[in-house]
Amino acid sequence: MDFTADNADEAAARWSEILRDAPDQARPREEFEAWYARAPENAAAWRRVQAANHWVRTLSDSPEMQSLRRETLARVAEGRLRSSRRWRRLSLAASVLLLVGIGFIALRPESARRVFSGTGDTLAGNVYQTAVGQRSVVTMDDGSVVTLNTDSRLSVHYRDDLRAVTLERGQALFKVAKDRSRPFVVTAGGKRVTALGTEFDVRVGERLFEVTLLEGRVGVSTEKGAASAGANVATLAELHPGQQFVAAGGARPLVRVADVGRVVSWRNGQIVFENERLDAAVAEMNRYSRRKVVLGDPQLASLKISGAFNAGDTHTFVEALTSYFPIQRDPRDDERVVLESRPR
């Protein structure tokens, strides 16, 4: 994994996130210690980030911190927000993922824990599901681990010759225990993903099916029969690490290189956007909140946004949009968050 950064402060911020999410893993700790010892600037940057983290945890709701957040975003926007006569060329340069300690993510770290505090529901018949904003980790009988994302439902059908599960809706990250005698088959959206021992992410929606491979190898096929080792299937693709299979709407399925870290950032309670259309970003944020954001002006859809936000933190997301785009919120709608163009 590449943990380098263009400057010491960015690298220190990234290391703070990495070590927080993997405190017991030896390899990240060893690589961090090598980076820390490489230059005095690295050690100094690390001390600054740790001091900022402590400060934020202590003073996150103070007026001073609120002011600091506004100033930080103003500096980011001033440096990266490109002016244009056309709305579609505007972009939000909220690089909050790299501003640990003074950006959105670190401002209220408890919010990410609150969004994913639920353990999910276990229903009769080996069925697991999560509510909107929940995340659940399930360990199967064979040692495989499944992490369910927001508003997801999974059913398990293990038998002697096959480990079969069905992702009925939502998104799940599978870390499969090796067992060559029993393939691990995920059925979702009329397709099947088959693995022996690997790690992969599956997302299914009304008009979307995605498989992203983190480790190992998986095959993607169409489902033409019951989920069994010898079912009649048609192979669509075989993925290698870092690849993603996508079938969206009526378009022809394709295999592409994926930003794996961004795809699975949800397991750490974050949503990461990189030059994403605003309508797509709004749809993604809405997956984690019951109170939906709505674009009241079609012109807003083509704006581009880059940045990272806590999943479920609609307030901060909307605050960023209204602060650094010509966007305002319609105060007349209390049930939804309706965004409109701000008069010039």
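Q: What percentage of the residues in the protein chain reach a pLDDT of 70 or more?
A: Residues are numbered from 1 along each chain as its sequence is written, and side-chain values use heavy atoms, with hydrogens and water left out. The mean pLDDT of the protein chain is 78, and the share of its residues that reach 70 or more is 72%.

Q: How many contacts beyond four places in sequence does the model have for residues 225-230?
A: A contact means heavy atoms within 4.5 Å. Over residues 1-6, pLDDT stays under 50, and the model has 9 contacts beyond four places in sequence. Where pLDDT is low, the predicted coordinates should not be read in detail. Over residues 225-230, pLDDT also stays under 50, and the number of such contacts is 13.

Q: Within what arc do the buried residues of α2 fall?
A: Helix α2 (residues 26-38) has 13 residues and spans 18 Å from its first C-alpha to its last, close to the 18 Å expected at 1.5 Å a residue (the expected span is 1.5 Å times one less than the number of residues). Its buried residues (buried means under 20% relative accessible area, exposed over 50%, partly exposed in between, with a 1.4 Å probe and protein chains only) are Pro-28, Phe-32 and Trp-35. They line one face of the helix, because seen down the axis of α2, by the directions from the axis to the C-beta atoms, they fall within an arc of 60°.

Q: Which exposed residues does the face of α2 turned away from its buried side carry?
A: An α-helix has 3.6 residues a turn, so residues three or four places apart point the same way. On the face of α2 turned away from its buried side, the exposed residues are Arg-27, Glu-30 and Ala-37.

Q: With which side chain does Ser-144 make a polar contact?
A: Ser-144 lies in the loop between β4 (136-139) and β5 (145-148). Its relative accessibility is 1%, so Ser-144 counts as buried. A polar contact is a pair of N or O atoms within 3.5 Å; within protein, one must be able to donate a hydrogen and the other to accept it, and residues adjacent in sequence count only if both atoms are side-chain atoms. At 2.8 Å, the side chain of Ser-144 makes such a contact with that of Asp-142.

Q: Is Asp-151 buried or partly exposed?
A: Asp-151 is in the loop between β5 and β6 (153-159). Although not a glycine, Asp-151 has a positive phi of about 50°. With a relative accessible area of 34%, Asp-151 is partly exposed.

Technical notes. Predicted model: local features only at pLDDT ≥ 70, side-chain atom pairs only at ≥ 80, totals over all residues. Helix = DSSP H or I, 4+ residues; strand = E, 2+ residues; numbered from the N terminus. pLDDT = per-residue confidence, 0-100.
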